[in-house]
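Hello,

Here is the structure I promised to pass on. My notes follow below it.

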Amino acid sequence: MSTDRKDPSKDSRKRAPATGVRTGSRAEDIEQSFLDNLFCSMGRVSRAATVNDLYTALALTVRDRVLKQGVRTLEAYTEQDARVVAYLSAEFLPGPHLANNLLNLGIMDQARQAMARLGVNLDELFEQEEEPGLGNGGMGRLASCYLDSLASDEIPAIGYGIRYEFGIFDQIIRDGWQVEITDKWLRYGNPWEIMRPELAFDVPFGGRTENWTDAEARRRVRWVPDTVVKGVAYDTPILGYRVGTCNRLRLWKAEAVESFDFAAFNHGDYYRAVEDKMVSENITKVLYPNDEHGEGKILRLQQQFFFVSCSLQDMIRVHLRLGRPLEHFHMRWAAQLNDTHPAIAVAEMMRLLVDEHLMDWDTAWEVTRNTLAYTNHTLLPEALETWPVSLFGRLLPRHLQIIYSINHRFLQQVRARFPDDEARVGRMSLIDESGERFVRMANLATVGSHRVNGVAKLHSKLLKQHVMRDFAELWPEKFCNITNGVTPRRFIAISNPPLAQLLTDRIGDGWLGNLDRLRKLEAFADDTGFHQQWREVKHAAKRRLAELIKQRVGIMVNPTSLFDIQAKRIHEYKRQHLNLLHILALYLRLKRDPLADIPARTFIFGGKAAPGYFMAKLLIRLINAVADLVNNDPDMYDRLKVVFFPDYNVKNAQPVYPAADLSEQISMAGKEASGTGNMKFSLNGALTIGTLDGANVEIREEVGSENFFLFGLTADQAQDIRERCYRPRSIYEQNEILRGVLDFIASGSLAKGDTNLFRPLVDNLLESDPFLVLADYQSYVECQMQVSTLWHDQQTWTRRSIINVAHMGKFSSDRSIRDYCRQVWHVQPMHVRMEAIEPHVYSG
């Protein structure tokens, strides 16, 4: 950070009253507002301010302008009696807010000018901002893309989630292993959020239920809980791109109803005096606590119920305050369940309507089903949440009763439709009774929603054919597909400004609000001058990433090499080990034949493994072992490099997407629901090597088969081979190169002679290979040969890169939101006016 900052005390203009510039958009207005916030909100003057002081002052300056639209938006929604989308998600991964809000306000250049006049580098303030630790991976980032697009599409909406004090974890690499350290994202505070202490709801847990009879002789149930926790709202404004709409992300923090027991304190029991506070606040301490043990399971269920209950109570509060009858609740609210984490909303909404607001069951069920819709994000059976009935009943006794009642009515319907099919009844039941009894949350969400969607065409097809087949046969009209999308504002304009500028120079700036306009790039696909500009932008991005890699992991990479990147959550089904087998095959080939025609490549990995997932953590260890081997071998100098880029999150991903030449989307077909990393890489001009899995299928359809490196089994072929007594060892025995690679790993050459370190990975591949790595190996290697051949032809490579970007319009999250509005929510855009900002006239 430059120390050559201007002293505002030496310029009388800098002490002018702030009233007229509080929300102005000129550079002068921003400068004055920044100085006012620095002095009045931070108690600092420029020459004494830390980098964080400067960042916070600018964040508050920008927030003032955002909140102006937020107030106007709320007024418009109230006046026009809008139907509002409530997006319920256990995760949001928004990324840093400052640059995004400057872009959406259209004042990026003015802010840069204002900071420069004060001797402050705006990019250093961007770097200072913490990554909000509110999500883990693709699902949380998708939720944030959707909030961005809801506002940009001018849809009345609110996001509901949890204000985690600590994120999932920060990742460091020590001796090749992933080590998890606390993600203290709130250690300097969060200038974007506004605490709403008056907006709080009681959330009960445990206890028992009691029957009672109301004045009309109707049987009622009362929940008598053991404990009650208070949920307090924290609001973050979510501004749309160049529109007046500013929605909210409302996150709930858990607090004790009584945070301090004065009597216990006076008796010297200091621990019990604050025990309720500590126990209550644990609920929102950490994103996704490890649930391998019983206490972790309890905490995760507590988290899910806590935020769902607060959110539904808040929606009902707003509805009643506007004088609307609860019987019409579904006419004014459309609530989307982002995966099964908020599925308890089905039972909680019934409890609130029936027990708290004394609505009859049938009416409450009609309201609940017509309010809720469910997005399924997985085809992995183990990822479909279930809870032991014993745990569920102990924590949420009333909800278990409600689920039993829903199940009883539902199974009557199933038996009527499919008589004498008790096997189907058992599969569809909300309670799994095949062994220890479990509550099936995906089944609950499906039964309690009016619409269920998958997130890519293939995923939705497989969902109806396999995971939800019984439900799709019962209610075929309930199921639909809405392919995921990503916001181009975050993943081009902010992540890759040079590319954004090149696109704007050639086709205008309308593409940021309408990604279909990228099609205009086709006119330049054979323009040699444009090719040169395109390659310059890509090379500059690769140089930036190369410098970051050198700073963070100490490895020097060649920016003229092919950047081959696989950055995503570490999981066996995503098959990072398939990539590694190819890398080792290249390495061993170059050792045998140093003159082999293999173009220089830099292989870059990024991603986190779940703390309790041993095989995924072993994969990270193997990646780093291969990196140590390759990078320290002088024979590989400028031929091959391998990098593990640590702590992969939105902020750290922003320099990665623009630098990729090749995007690795190599999951086993039929396992990835959609993926959005594939879209982000393609938007930035990377070519894709991938299977027909998730959204890869649609990307290939859009960009053209000739512009996509396809390999591997299809989902049907993968299913077939697994059903035919698949023997991976036979592939190992028949493929000499593959056998050499696996024997090399097993020999201990990557582990200082330790033959046991990677034995679990090798044995898993040879004995079961659940994700068909060996079955797809030869096809993958042959496809990578096509990549190498094309890389030598830079003109054709560049043309295909341009075509990829030109055909990515479908994969905007703006389009996804319009599909939800049409197919699921039945809501219309609502325009919110933006007033021109009056210029401020300085005095003195």
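To begin with charge, the protein carries 103 positive and 108 negative side chains, and the centres of the two sets are 2 Å apart. Lys and Arg count as positive and Asp and Glu as negative, with His and the chain ends not counted; each charge is placed at NZ of Lys, CZ of Arg, CG of Asp or CD of Glu.

Please note that this is a predicted model, where local features need pLDDT of at least 70 and side-chain atom pairs pLDDT 80 or more, while totals for chains, interfaces and linings use all residues. Residues are numbered from 1 along each chain as its sequence is written, and side-chain values use heavy atoms, without hydrogens and water.

The fold holds 33 helices and 22 strands (DSSP runs, H or I of at least four residues and E of at least two, numbered from the N terminus). Of its 844 residues, 62% are buried (buried is under 20% relative accessible area, exposed over 50%, partly exposed in between, with a 1.4 Å probe and protein chains only).

Two residues other than glycine have a positive phi. D175, near 55 degrees, sits in the loop between β3 (170-174) and β4 (177-181) and is exposed, at a relative accessible area of 67%. R575, near 60 degrees, lies in the loop between β17 (562-567) and α22 (576-592), but is buried, at 0%.

Finally, W797, T798 and S801 are among the buried residues of α32.

Best wishes
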